[in-house]
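Dear colleague,

Please find below the structure that I am handing over to you. My findings follow it.

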Amino acid sequence: MMYKMNSFPNYLIIILFLFIQCQKNDKKIISEKHFIKIYTQIYIIKEMSIEQESQSVLINDLLKQHNITVDDIRQTVDYYNENPEKWLKLIEKIRIHIRELDKEKIEKKKEENIIKFQSDKGTEAQRKNLP
């Protein structure tokens, strides 16, 4: 009987230790693919020529859209800071993603200009045919 009474505090200590460890490991790390998209969008917002307050509103809206908190972002950045090789690879993937978005934007502008040019050309031809 004496043995069981003395072991109770040991069990309590073990349970508390496990509980604390589970709390520490309860970090939300955003998946790499998802983080690349979000981080890129945050970068783009930060590069916009608008007031910081407006940037904050846009970033908060973005995080809400993706059901992510600022703390989730911090925890993910902390995770990558602890793993410099992964962080460097991630940064390179973000750069590639930004370049792809730039290419898409350029292509879209080209298409818009072609459509506008064709539209203007058609309007000009119509004006020439008017009596």
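What percentage of the 131 residues in the protein chain is made up of buried residues? The model is a predicted one, and in it buried residues account for 18% of the chain. The accessible surface comes to about 11,300 Å², and carbon and sulfur atoms hold 58% of that area.

The protein chain has five helices and zero strands. Among its contacts with a separation of 6 or more, 66% join residues 24 or more positions apart.

I turn next to the interior. In soluble globular proteins, nonpolar side chains tend to be buried together. Here the largest nonpolar core has 17 residues, and Phe-35, Ile-38, Ile-73 and Leu-90 have the most contacts inside it. Two or more residues come from each of α2 (32-47), α3 (52-65), α4 (70-82) and α5 (84-129), with α2 giving the most, at five residues. Leaving aside residues up to four places away in sequence, Phe-35 touches Ile-30, Ile-73, Thr-76, Val-77, Trp-87 and Leu-90.

The buried residues of α3 are Gln-55, Ile-59, Leu-62 and Leu-63. Seen down the axis of α3, these fall within an arc of 95 degrees, so they line one face of the helix. They pack against α2 and α4, whereas the face turned away from the buried side carries the exposed residues Glu-53, Lys-64 and Gln-65. Just after α3, Asn-67 adopts a positive phi of about 55 degrees.

Yours sincerely

Key:
Residues numbered from 1 in each chain as written. Predicted model: local features only at pLDDT ≥ 70, side-chain atom pairs only at ≥ 80, totals over all residues. Heavy atoms only, no water. Core = buried A, V, L, I, M, F, W, Y, C linked by side-chain atoms within 4.5 Å. Buried < 20%, exposed > 50% of the residue type's maximum accessible area, 1.4 Å probe, protein only. Helix = DSSP H or I, 4+ residues; strand = E, 2+ residues; numbered from the N terminus. Contact = heavy atoms within 4.5 Å. Areas by Shrake-Rupley, 256 points an atom, 1.4 Å probe, with all protein chains shown as cover. Arc of directions from axis to C-beta.
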